[in-house]
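Here are my notes on this one, as numbered points. Have the model open while you read.

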Amino acid sequence: MAREPHANTLPAELGAPAFVDAWKRRALQIGLVSSVIAAGLGFADGRGFDIDHVLRGWLLGLMLTFGFAVGGLALLMVQYLSGGKWGLLLRRPLEAMSRTLPLVFVYWVVVALSLKSCTCGPRWMT
């Protein structure tokens, strides 16, 4: 008597499909073009380039990336600890979110080094 696969078993292949590489390449190209446009618009202002605006945006990127990384880690931990099939569709995006944690450290280093020059920092630093 042959055994039928149980309905609650995981699929054999959990890797990403091949077309995901093309999506990643296109997203990188769009990000690079957008960065060049944003830098050009920053220099095109009549008053010159203001580093405070860049540092405020950098700090916002730090907070947003930290939220993604820690939120993805928390939900991923809940999925791994509870088990089940409810997280099969969410596991890959949550793992990708958690892999942005080293980027948070890079953001933090730049913010920490620029606290003295930023007017948005605490008063005791100036």
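1. A definition before anything else: patches are made of residues with over 30% relative accessible area and no salt bridge, with like charges joined within 9 Å and nonpolar side chains (Val, Leu, Ile, Met, Phe, Trp, Tyr) within 5 Å. Accessible areas come from the Shrake-Rupley method with a 1.4 Å probe, and for residues only the protein chains shown count as cover. A salt bridge here is a side-chain nitrogen of Lys or Arg within 4 Å of a carboxyl oxygen of Asp or Glu.

2. Some housekeeping. This is a predicted model, where local features need pLDDT of at least 70 and side-chain atom pairs count only at pLDDT 80 or more, while totals for chains, interfaces and linings use all residues. Residues are numbered from 1 along each chain as its sequence is written, and side-chain values use heavy atoms, with hydrogens and water left out.

3. The overall layout: the protein chain has four helices and zero strands, giving the pattern α-α-α-α along the sequence. Helices (H or I, at least four residues) and strands (E, at least two) are DSSP runs, numbered from the N terminus.

4. Now the nonpolar patch. Phe66, Val70, Leu73 and Leu101 make up about 310 Å² of it. Helix H2 (residues 51–82) gives the most, with three residues. Leu101 sits in helix H4 (residues 101–113) and is partly exposed at 35% relative accessible area. For the cut-offs, buried means under 20% relative accessible area, exposed over 50%, and partly exposed in between (1.4 Å probe, protein chains only).

5. Have a look at helix H3 (residues 88–98), where Arg91, Leu94, Glu95 and Ser98 are buried. Down the axis of H3, these buried residues fall within an arc of 105 degrees, so they line one face of the helix. That arc is taken from the directions from the helix axis to the C-beta atoms. H2 and H4 are among what covers the buried residues of H3.

6. Finally, whole-chain numbers. Buried residues are 17% of the 126 in the protein chain. Its accessible surface is about 10,200 Å², 70% of which belongs to carbon and sulfur atoms. Of the contacts (heavy atoms within 4.5 Å) between residues at least 6 apart in sequence, 64% join residues at least 24 apart.
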